[in-house]
Amino acid sequence: MGIPAHEREIAEKSVIVTTVHYNLDREGDKIRQAIALRFLQNASERNYRTVVVYGTVSDEFRKQAERLDTELVVDCGKGMGPSRRQGFARAGEYESAEVINWSEPEKDDYVRFISGVSEPIIEGKYGIVVPRRSESSKATYPWEQIELESIKNRAVRRSIKYYTGIDADLDITFGVRAWHHDHNNFFTGYDGRFGDTYDSINAPLINALAKGVRVGSITVDFEYPEDQRRSECIEGTNDLTPEMYMKRFKQVGETPVQIIKFLQSYKPNVF
């Protein structure tokens, strides 16, 4: 695959962090693991260095990841937040990496947008970037997931404005983040006191925002994996299965509650 010189230059100044842990007794997790491997293949083809904190995965996944020169870090086994911070800390040791990119590994198509997300950070325009899904991107998702995530984004935006006065119109629920190496301490230094799941990337973001770090948004035409969408929806429809709907519904409640708890107790010098 021919990579433009400009993108190669950005890749040399970037590192990607992700975590993987799958219950391989579940068909859905087998599909997610396959997508994660595509993510690593896409990153390798574009010359990105990738740090993967891994828990339960297949032997074949590990072998394939090693062939792609992915750095594999054994998960400390303490949960979502600690495993993510393991990755952030390791990425921070890459001295040549000006930008640290976080993504869930099931976003295999996202890799093609990382250069565009990283560039304004390298140029000094932003300290942190929270990518935003375009309308065409949202159309590739199960419609109920987008509906629920839109509610969550509005709740988070209004909560941040209520407590800080900052109008942060961000696609928080997309999940991906990128930040300058100098701001990695926000993410590695969070102590997980509000659940240590999704707050592991949200509390540090809000802390940085409140401290005056320039946070920007870049729109991307990311495509949700079709094989994952089919596995999450009732056969022949774009409606989530009852199990997946409840999982997404729980996330809608969990993230704003964590953020509100953080905002209520916010002290700018805590982290």
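Analyst: R85 and D196 form a salt bridge, with the closest N and O atoms 2.7 Å apart. A salt bridge here is a side-chain nitrogen of Lys or Arg within 4 Å of a carboxyl oxygen of Asp or Glu. Helices (H or I, at least four residues) and strands (E, at least two) are DSSP runs, numbered from the N terminus. This is a predicted model: local features need pLDDT of at least 70, side-chain atom pairs count only at pLDDT 80 or more, and totals for chains, interfaces and linings use all residues. Residues are numbered from 1 along each chain as its sequence is written, and side-chain values use heavy atoms, leaving out hydrogens and water.

User: Are R85 and D196 buried or exposed?

Analyst: Buried means under 20% relative accessible area, exposed over 50%, and partly exposed in between (1.4 Å probe, protein chains only). R85 has 14% relative accessibility, so R85 counts as buried. D196, at 13%, counts as buried too.

User: How many salt bridges does the structure hold?

Analyst: The structure holds 21. Among them is R133 with E149, 2.7 Å from N to O. R133 is in strand β6 (residues 132-133) and E149 in helix α7, 16 residues apart. R133 is buried at 4% relative accessibility, and E149 is buried at 9%. Another is R248 with E232, at 3.2 Å, N to O. R248 lies in helix α11 (residues 242-264) and E232 in helix α10 (residues 226-232), so this pair ties together parts 16 residues apart in sequence.

User: Which residues share partners in a salt-bridge network?

Analyst: R132, R157, D167 and D169 are joined into one network. D167 lies in the loop between α7 and β7. At 40% relative accessibility, D167 is partly exposed. Contact means heavy atoms within 4.5 Å. Not counting residues up to four places away in sequence, D167 touches R157 and K161.

User: What about K152, which has no salt bridge?

Analyst: Start with charge: Lys and Arg count as positive, Asp and Glu as negative, while His and the chain ends are not counted. K152 is in helix α7 (residues 143-164). K152 is buried, and the nearest side chain of opposite charge, E149, is 5.6 Å away. Beyond its neighbours within four places in sequence, K152 contacts T173, Q251, V252, T255 and P256.

User: Now the sheet. What is the order of its strands?

Analyst: Strands of a sheet pair through backbone hydrogen bonds, either parallel or antiparallel. Here two strands pair if DSSP finds at least two bridges between them. The open sheet has seven strands in the order β3-β2-β1-β4-β7-β5-β8, with mixed pairing. The edge strands are β3 and β8 (215-216), each pairing on one side only.

User: Where do β1, β2 and β3 connect?

Analyst: Six bridges join β1 (residues 14-20) to β2, and the two run parallel. The chain crosses from β1 to β2 through helix α2 (residues 27-45), in a right-handed β-α-β crossover. Right-handed means that, with the strands pointing away from the viewer, the path from the first strand over the helix to the second runs clockwise. Four bridges join β2 (residues 49-54) to β3 (residues 71-74), also parallel. Helix α3 (residues 59-67) carries the chain from β2 to β3, again in a right-handed crossover. In β2, five of six residues are buried.
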